[in-house]
Amino acid sequence: MSLIDLLTGNTGNQVAEQAEGKFGISKNQVIALLAVAAPLVISYLKNKSQDSKEAESLNNALDKDHDGSILDDVSQADARQAEGGSILSHIFGGDRQNVENQLSQNTGISIDKVGPVLSMLAPVIMGYIGREKQQNNVGAGGLGDLLGGILGTASNQAQQQQSSPLNEILGSVLGGGGQSSGNPLNDILGSVLGGGNNQQSQQGGGGLGDILGGFFGK
C-alpha cells in the first residue's frame, strides 16, 4: 500500500472521521493534516535512521509496537493517543512545538487541538511504516532506504495524478524534497508552508495555505 493509498483509502477516511467526531474539526482538515504530517514524520525518521543506534531503536519499536494491525482497526487510534504523543516527542524533539504551530497556522486547526489530533495520527503512521517493513522484510540497516522509497513513490504518484486537492497537497509537500537542506522541518515546513510566514501563505505565497484554501472551499 502506498502512502497515497493510506491517505485516500478507508484508513485515512476512518481516522479522519474519528478525529472529526472527537475534536469537532472538519474531516478535510484532518486528512490535509495527515497529508503533511505523514511525510514529515517519515522524513524525520529517515534522517534519524542514518544513525545506527537510532535505526536499531526504530526497528525494535516497529517490531514490538507497530505491526500494522491499527490499519485494520482504526479505533485503536483514539485509545493510543497518549502513546502517539510520546512518539511525536521522540521524533520531533525540540522541533515539536514549532511543527505544531506551523501546522496549526496552515491547516486552520487550533493550536490546542492540532497536538492531540497529531497524537491520534502518529500510531497510524507508525503502523503503516511497520507493515511496509514487514512486507519488504527489512531490518534496521534497510530502514533508511525503505523510508526514502515510501516518500519517492508517493511523490511520483502525486505528481502524476494531480487531479485532486489532496494529490496537490502531497505533490507540493513531497516535491520540496528535491532541494533538501538535510532538515525535514526546513524542507517541508519551509518550502511548502511558506517558511513560517503565515501572512505569506494567506496572501497567496503559492504554499500549502493556498492549496488548503481550495481544498476547504474557502
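This is a short talk on a few local features of one predicted model.

Hi everyone, a word on the ground rules. The model is predicted, so local features need pLDDT of at least 70 and side-chain atom pairs count only at pLDDT 80 or more, while totals for chains, interfaces and linings use all residues. Residues are numbered from 1 along each chain as its sequence is written, and side-chain values use heavy atoms, with hydrogens and water left out.

Let's start with the rings. There is 1 aromatic pair in the structure; rings of Phe, Tyr and Trp (its six-membered ring) pair if their centres lie within 6.5 Å, with planes under 30 degrees apart called stacked, over 60 edge-to-face and the rest tilted. Tyr44 and Phe92 have ring centres 4.9 Å apart and planes at 90°, so this pair is edge-to-face. Tyr44 sits in helix H3 (residues 27-48) and Phe92 in helix H6 (residues 81-92), so the pair ties together parts that are 48 residues apart in sequence. Helices here are DSSP runs (H or I, at least four residues), numbered from the N terminus. Both Tyr44 and Phe92 are buried, where buried means under 20% relative accessible area, exposed over 50% and partly exposed in between, with a 1.4 Å probe and protein chains only.

Next, Arg96, which belongs to helix H7 (residues 96-107). Is Arg96 buried or exposed? Its relative accessibility is 18%, so Arg96 counts as buried. Its side chain makes a polar contact of 2.8 Å with that of Glu100; such a contact is a pair of N or O atoms within 3.5 Å, where within protein one must be able to donate a hydrogen and the other to accept it, and residues adjacent in sequence count only if both atoms are side-chain atoms. Setting aside neighbours within four places in sequence, Arg96 is in contact with Gly85, Leu88, Ser89 and Ser119, contact being heavy atoms within 4.5 Å.

Most residues other than glycine have a negative phi. Asn137 is not a glycine, yet it has a positive phi of about 50°. Where does Asn137 lie? You'll find Asn137 in the loop between helix H8 (111-135) and helix H9 (143-160). With a relative accessible area of 70%, Asn137 is exposed.

Notes
Helices (H or I, at least four residues) and strands (E, at least two) are DSSP runs, numbered from the N terminus.
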